[in-house]
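Look at the structure first, then read on.

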Amino acid sequence: MKDLLGMEPSREDCEQEERELENNGLQFELTRRRFMQTASVLSAAVAVGLPGIAVAETSATLPVTLKVNGKSQLLSLDSRTSLLDALRDHMELTGTKKGCDHGQCGACTVLINSRRVNSCLTLAFAAQGAEITTIEGLAKTSEPKDVSELHPMQAAFLEHDGYQCGYCTPGQICSAVAAVDEQRRGALSIVSFHTGKTDQPEMTDDEIRERMSGNICRCGAYPNIVAAVRAVSRGVSA
Ligand code: FES
Ligand code: FES
């Protein structure tokens, strides 16, 4: 460390100063100075781009077990990995889509313990120990052979043509499954308050549009998506 005039003190000066601090019982000050000296060295190393030190400061690869669609898998991931990247890049579950990667489009929606989340905003490590369900795990069988083996919401999207390009569809379906469940449990939306239906909200089209508003469809398949969700919520779909 430099003194006030910007001069580097000699090694002998430093040792002399440390001896004086120790002799005077100023252990805390000594510890603080050593911390500051170490931090200065690390900062300088990072600033000039010494790779070993820079990596050690910013990332760690750690084991994590994720339970997805009923199966547990041990992975080794950078601690900053999102659940979305873990699913797509490390577990080959590419049904979940990456749209914005910023929590704005809903394409990455999955269910964690039956609640919908944006997997792009969820750290994989935060999902450890939870039941994660993706679009691949919704159907009644792992390899559905016809519509009767699909989840009712999947069947309704087919029946009502609730998609065009299909990119947003896995997120729409996962979100819709949770939205209907939330309504059945009596969870309220802003529309429930506007309509005064706060005892038991009805799944009107306005409620559906509000509850599905976190899922964007660039193809504009909204009327048919609403029709599919309406059918399932009223129990009139497959
Ligand atoms: S990709 Fe997650 S919200 Fe858009
Ligand atoms: S069906 Fe194309 S983005 Fe929704």
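**Sheet, helices and a loop residue**

Q: Which are the buried residues of helix α5 (residues 152-159)?
A: This is a predicted model. In it, α5 is covered by elements that include α6 (169-184) and α9 (222-233). The buried residues of α5 are M153, Q154, A155, A156 and F157.

Q: Which residue just after α5 takes a positive phi?
A: Look just past the end of α5. The phi there is about 60°. The residue is D161.

Q: Which are the edge strands of the open sheet?
A: The sheet has 5 strands, with mixed pairing. Their order is β2-β1-β5-β3-β4. An edge strand pairs on one side only, and the two here are β2 (71-78) and β4.

Q: In which sense do β1 (residues 61-68) and β5 pair?
A: The two strands are joined over 2 bridges. V68 has I132 of β5 as its bridge partner. The sense is parallel.

Q: What angle does the direction of α6 make with that of β3?
A: Helix α6 packs on the sheet. There, α6 touches β3 and β4. The angle with β3 is about 45°.

Q: Is A130 buried or exposed?
A: A130 sits in the loop between β4 (115-118) and β5 (131-133). Its relative accessible area is 10%. The cut-off for buried is under 20%, so A130 is buried.

Q: How far apart in space are A130 and I112, C-alpha to C-alpha?
A: Leaving aside neighbours within four places in sequence, A130 is in contact with K67, I112 and N113. A130 and I112 are 18 residues apart in sequence. In space, their C-alpha distance is 6.4 Å.

Definitions and conventions. Residues are numbered from 1 along each chain as its sequence is written. Chains are lettered from A and ligands numbered from 1 in the order in which they are written. This is a predicted model: local features need pLDDT of at least 70, side-chain atom pairs count only at pLDDT 80 or more; totals for chains, interfaces and linings use all residues. Side-chain values use heavy atoms; hydrogens and water are left out. Helices (H or I, at least four residues) and strands (E, at least two) are DSSP runs, numbered from the N terminus. Buried means under 20% relative accessible area, exposed over 50%, partly exposed in between (1.4 Å probe, protein chains only). Contact means heavy atoms within 4.5 Å. Two strands pair if DSSP finds at least two bridges between them. Axes are lines fitted to C-alpha atoms, for helices over the stretch in contact, and angles run from 0 to 180 degrees between N-to-C directions.
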